[in-house]
Amino acid sequence: MNRYSYICVDDEGQEMKGFLQAVSDESARIQLMKQGLKIIRVDLCGIDDSITSEAALEITDFSGDQLSKFGKAAWNSESEYLDIASQSSHFKICGVPLSASLRTLAEETTSKKLSRAFKKIAVELEEGKTTEESFKQNLNDVPENLVSLIKAGSQTGKLDSIIEDYIDSQRLLAQSRHKILLSLFYTGVLFFGSFLIFYFLMVFIVGDFKKLFFDFGTELPGITLMVISISDFMSQYGLRIIFWLTVISLGIWFSFDLFKMRGTRRRLLNSIPVFGRILNYTSIAQFCRMLATLIEAQMKLPEALKLAAQTTRDPNLIEGCDLLIKRIQQGLALTEVAKETRHFSKSFAHIFRWQDRPELFIDSLRASSNIFQAKANMKTGSLVFALQPLVLAGIVLIISIPVIALFMPLIKLLNDLS
């Protein structure tokens, strides 16, 4: 623990001086902001606990507006933004009625159930029903994180920007998933078709040629003997091995759900070359975009972290943000916690160093979102470009081996007969 001196101003404008113990300068500032104090100066004391200009290191000097509008609210764990929905049936958001924003969301969502719910809310608002009544009746089937986003946006007057960023992030996610799934589907079809051909060759064709070669007493090369051994093994155990591999794979996959280890499963997926990077970069891009929008709407940081993570539907980010919220409420430094946790990469954790400066933090988040989305798009293009040729080359190689192994002794046999 380090010793810090501070100079602050309380709500009544009285200057306060003193010392506190904290693990870092950021943790010291958090403790002071949680007490509702406006920070003028925070200094790291020397070994002799003196506060001389030579020994003191100036940490920060907040402006009053910046701290009063963001600092104290950001670290308050009780968020007032999500408690009360707007009472106006046509709550104006930057000139856009709430019903129009919900109609846009209904058109963009891929879920027919959600689309019907949002259209119904829009119609009821246009007919004069209050937002609270309509939300209460129709948001039961809407995901909890989206409900929280809608309520927060309605109350803060930023629903249009929140919905716009939510739609954009979902659209980008859908595009990335579509490219990946299309590539994997095409690859899977090729792989499955080649496996059927390979199984047919090994079990039926190689078996017939085996009898032919043994009947003529032909001397067989090593590659042919190897293919015959594989054929015998597949004929006896092939289907059972496929069945048990499928059962074991499904069991391992769903065991993560059973033991509530979805975050661990997602981290394992993220470690897969290229494919895992695409998943990770896309989730981070979504997270940064939504977090910037929520902070810009003056939402408190703990709730903003939670909602932004839930929007990505990434179990790893959700677990990581829950851990961040718990640790920062204990007075620990956000940046240090983000770097130490296994849920965030080092290239991502550094953006939290601007968390006490809202304008810089928002700009950093939006820039990071664009960067990570560009990385995801580049990796997706690489996957689509490289995966299919590699799979085709592998299929040709696997199928050509038994064909060559059969023709080599067959040619020798024909030469002997001639």
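Helices here are DSSP runs of H or I with at least four residues, strands are E runs of at least two, and both are numbered from the N terminus.

The model is predicted, so local features need pLDDT of at least 70 and side-chain atom pairs count only at pLDDT 80 or more, whereas totals for chains, interfaces and linings use all residues. Residues are numbered from 1 along each chain as its sequence is written, and side-chain values use heavy atoms, with hydrogens and water left out.

K260, in the loop between α8 and α9, also has a positive phi, near 55°, and is a residue other than glycine. With a relative accessible area of 74%, K260 counts as exposed. Most residues other than glycine have a negative phi.

## Helix packing

Helix α8 and helix α9 (residues 262-270) pack with their axes 7 Å apart and at an angle of about 135°, where axes are lines fitted to C-alpha atoms, for helices over the stretch in contact, and angles run from 0 to 180 degrees between N-to-C directions. That angle makes α8 oblique to α9, the class left after under 35 degrees (roughly parallel), over 145 (roughly antiparallel) and 65 to 115 (roughly perpendicular). From α8, the contact (heavy atoms within 4.5 Å) is made by W253, F256 and D257, and from α9 by R262, T264, R265, L268 and L269. R265 also lies over the face of W253, at 4.3 Å from the ring centre; such a charge has NZ of Lys or CZ of Arg within 6 Å of the ring centre and within 35 degrees of the ring normal.

Helix α11 (residues 301-312) and helix α12 (residues 315-329) cross at roughly 170°, and their axes come within 8 Å. This crossing makes α11 roughly antiparallel to α12. P302, L305, K306, A309, Q310 and T312 of α11 meet L317, I318, C321, I325 and Q329 of α12.

## Nonpolar cores

The largest nonpolar core has 58 residues, and those with the most contacts inside it are F118, F287, L291, F348 and F352; a core is a set of buried Ala, Val, Leu, Ile, Met, Phe, Trp, Tyr and Cys residues joined through side-chain atoms within 4.5 Å. Helix α10 (residues 275-296) supplies ten residues, the largest share of this core.

Leaving aside residues up to four places away in sequence, L291 touches L301, A304, L305, A308, F352, F361 and L365.

## Aromatic pairs

A search of the whole structure finds five aromatic pairs, which require ring centres of Phe, Tyr or Trp (its six-membered ring) within 6.5 Å and are stacked with planes under 30 degrees apart, edge-to-face over 60 and otherwise tilted. F233 and Y237 form a tilted pair, 5.3 Å centre to centre with 45° between the planes. Both residues lie in helix α8 (residues 222-258), four residues apart, about one turn of the helix. F233, at 45% relative accessibility, is partly exposed, and so is Y237, at 33%.

The rings of Y281 and F372 are likewise tilted, with centres 5.8 Å apart and planes at 45°. Because Y281 lies in helix α10 and F372 in helix α15 (residues 358-417), this pair ties together parts that are 91 residues apart in sequence. Both Y281 and F372 are buried.

Technical notes. Buried means under 20% relative accessible area, exposed over 50%, partly exposed in between (1.4 Å probe, protein chains only).
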